[in-house]
Amino acid sequence: MPLVKIDVIRGAWSTNELRLIADVIQQVMMTHFNAPKRDRYQIITQHEDYELICEDTNLGYTRTKRIVIIQILQQGRNAEKKQQVFKALSENLWEKCSVAGEDLIITCAENTQADWSFGMGIAQFVTGQL
């Protein structure tokens, strides 16, 4: 049940490339976060190039217009699991989508079961439906 937001610069990736990026991310969520197959919640947002300002935090990285920013909202994964996901995303997105490591920013935030409603205004985790 991770909610994944994917931010890119408009026109840097084709529609097919964006779908592949999303598919690769979902596979990593299923493999490393044990997300069930139909538990897929992703939002892809394209921005004008001036709307994404991403420097390198003095790491010496060179960013390009093919930057991909991934925000994962989830619950219950420890630091080790998160690091495994970061590594798997970097490796798989490079291998399958040509996302350079320097162009990949990932953040992982947590919330609780009470913070989710999957429809009908019901907190399904709280009511026991999930």
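Begin by selecting Arg40, which counts as partly exposed at 29% relative accessibility; here buried means under 20% relative accessible area, exposed over 50%, and partly exposed in between, with a 1.4 Å probe and protein chains only. The model is predicted, so that local features need pLDDT of at least 70 and side-chain atom pairs count only at pLDDT 80 or more, while totals for chains, interfaces and linings use all residues. Residues are numbered from 1 along each chain as its sequence is written, and side-chain values use heavy atoms, with hydrogens and water left out.

Helices (H or I, at least four residues) and strands (E, at least two) are DSSP runs, numbered from the N terminus. Asp23 itself is partly exposed, with a relative accessible area of 30%.

Next, select Arg19, which forms a salt bridge with Asp23, the closest N and O atoms being 3.0 Å apart. Because Arg19 and Asp23 lie four residues apart in helix α1 (residues 15–32), about one helical turn separates them. Arg19 counts as exposed, at 52% relative accessibility.

Then move to helix α2 (residues 79–97), where Lys87 and Glu91 are four residues apart and therefore separated by about one helical turn. Their side chains meet in a salt bridge at 3.5 Å, N to O. Lys87 is exposed, with a relative accessible area of 53%, whereas Glu91 is partly exposed, with a relative accessible area of 44%. By the rule used here, the count comes to seven salt bridges.

Finally, turn to the cysteines. A search of the whole structure finds zero disulfides, a disulfide being a pair of cysteine sulfur atoms within 2.5 Å. Select Cys97, which is in no disulfide, and whose nearest cysteine sulfur, that of Cys54, is 19 Å away. Cys97 counts as buried, at 9% relative accessibility. Cys108 is likewise in no disulfide, with the nearest cysteine sulfur, that of Cys54, 18 Å away, and at 17% relative accessibility Cys108 counts as buried.

Terms used: A salt bridge is a side-chain nitrogen of Lys or Arg within 4 Å of a carboxyl oxygen of Asp or Glu.
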